[in-house]
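Please look over the structure below alongside these notes.

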Amino acid sequence: MINRRDLIKHLSTFPLLGGFLGQGNIESIGFTAKLPARNLAKELGIRTFVNAAGTYTFMTGSLMQDEVVEVIQGAAKEFMILDEVQTKVGEKIAALTHAEAAVVTAGCFSALTLGLAGVLTGMDQKKVEALPHLEGTGMKSEVIIQKGHSIGYSHALTNTGCKMVEIETLDELEKAITDKTALMWFLHIQSDKGQIMHEKWIEVAKKHGIPTMIDMAADVPPVENLWRFNDLGFDLVCVSGGKAMRGPQSAGILMGKKHLIEAARLSMPPRGSTIGRGMKVNKEEILGMYVALDNFVKMDHKKEWKMWEGRAALIANAAKSVKGVQVETFAPELGNHTPTLRISWDATKVNLPVKTLQENLRNGNPSIEIMPGENNTLTITTWMLKPGEEKIVATRLKEELSKAAV
């Protein structure tokens, strides 16, 4: 991780920050400012914890890198024109992700809404102001999705006023396409729950001249997914910024075809009278998101994976040392693709309901969060742990399991 002494020198190598803020301004905008001395979590009685669960939004996602925090602090010291920040950063993000254009949004959910808004309105300002009221505007009103992909996130699309049309087979897809079809939407993490895969989805859409969008919110790593779906031919790609990339939790990225990104921006702040006005993302988040993405693309992912595996092995060995406990190590294929532990135990040998274990770990010191499953099963991931916390998790988990051993 870059230290503060090297930060200003490092930032001068960024064309965006060096050129956009001006070399003479970098030092003056406070990159050497100290972090706030107040511990508000302690002051307000907010529980902090060791995160052995993952990048869940209700757990506030991931922790931003020091460099991202430094950039956010520095950007907070200067005024900038929001559209110019988006344009300059968008150019850099697009280059990194093989997209024609990109924009930073208020999370992935926001990217879905804004991307579809751009598809519906094009550059017509009257249509932009009409959303989500489609009747009588000439805008299309239906989005086709596979039934297996309909797990709630499509609500971001109905925010535009569109109706979801669910299909299962290729034949049903062909029959569902009408002159009302605005978009064909694909949810990557549910790929295995649908009958139609990415390439065929795009092929059918192109045949009928219909734009495609893919939601890959939590689907890096692998890092290649950041450009894989642009290269495949999806017209719009949406991703969360505050998970694996460790950018601001309230940021996401919408990338894809230039004309659609330009249209989507008409529904974004700073513009009013739009459905996206409340989806505000500030200059600090935009710049922080760019630095987080750039760092993520350039990092040594093999080294990172080995570190996660080492942490997982330490915890697994501690758990397995208790008689009756089994541990499976795997990596989910479609989302949150990191070394993951599935820990289970024989109830006749370890008398411990998983909910009780969860509460015991949560109420301990330090507090630890894991994800409980069914039938005396839990999952643990190590990618959100700070250095050394794997030892804490291993010790506490073994303690609780051992105490319940029959």
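1. Strands β3 and β5 (residues 181-187) run parallel, joined by 3 bridges. Val143 has Leu183 as its bridge partner in β5. Two strands count as paired if DSSP finds at least two bridges between them. Helices (H or I, at least four residues) and strands (E, at least two) are DSSP runs, numbered from the N terminus.

2. A word on the basis of these notes. This is a predicted model, where local features need pLDDT of at least 70 and side-chain atom pairs count only at pLDDT 80 or more, while totals for chains, interfaces and linings use all residues. Residues are numbered from 1 along each chain as its sequence is written, and side-chain values use heavy atoms, with hydrogens and water left out.

3. Strand β4 (residues 163-167) runs parallel to β3, with 5 bridges joining the two. Ile145 stands opposite Glu166 of β4.

4. How many of the residues of β3 (residues 142-146) are buried? The count is 5 of 5, and the strand is mostly covered. Buried means under 20% relative accessible area, exposed over 50%, and partly exposed in between (1.4 Å probe, protein chains only). In a regular strand the side chains alternate between the two faces of the sheet. Here Glu142, Ile144 and Gln146 point one way, Val143 and Ile145 the other way, and all are buried.

5. Now β13 (residues 377-381). This strand is mostly covered, with 4 of its 5 residues buried. Strand β10 (residues 340-345) pairs with β13 in the antiparallel sense over 5 bridges. Ser344 has Thr377 as its bridge partner in β13.

6. β13 also pairs with β12 (residues 371-372), again antiparallel, over 2 bridges. The bridge partner of Pro372 in β13 is Leu378. The hairpin of β12 and β13 has 4 residues between the strands. Asn375 takes a positive phi near 55° in this hairpin.

7. Helix α17 (residues 389-403) has 15 residues. The helix reaches 21 Å from its first C-alpha to its last, close to the 21 Å expected at 1.5 Å a residue. The expected span is 1.5 Å times one less than the number of residues. An α-helix has 3.6 residues a turn, so residues three or four places apart point the same way. Buried residues of α17 include Glu390, Val393, Ala394, Leu397 and Leu401. Glu389, Arg396 and Glu400 are also buried.

8. Salt bridges come next. The count is 17, where a salt bridge is a side-chain nitrogen of Lys or Arg within 4 Å of a carboxyl oxygen of Asp or Glu. One of them joins Glu43 and Arg38, with the closest N and O atoms 2.5 Å apart. Glu43 is partly exposed at 46% relative accessibility. Arg38 is exposed, with a relative accessible area of 57%.

9. Which parts does the pair of Arg271 and Asp83 tie together? Their side chains meet in a salt bridge (2.8 Å, N to O). Arg271 lies in the loop between α13 (258-265) and α14 (283-298), and Asp83 in helix α6 (residues 82-97), so the pair ties together parts that are 188 residues apart in sequence. Arg271 is partly exposed at 24% relative accessibility. Asp83 is partly exposed at 23%.

10. Glu369 and Arg362 also meet in a salt bridge (2.7 Å, N to O). Glu369 is buried at 2% relative accessibility, whereas Arg362 is partly exposed at 22%. Both belong to a network of salt bridges that links Arg47, Glu359, Arg362 and Glu369.

11. Asp235 lies between α12 (225-232) and β7 (236-240). Asp235 is buried, with a relative accessible area of 13%. A polar atom of the Asp235 side chain lies 2.8 Å from the backbone nitrogen of Thr212.

12. Last, helix α4 (residues 40-44). Leu44 lies in this helix and is exposed at 59% relative accessibility.

Methods:
A polar contact is a pair of N or O atoms within 3.5 Å; within protein, one must be able to donate a hydrogen and the other to accept it, and residues adjacent in sequence count only if both atoms are side-chain atoms.
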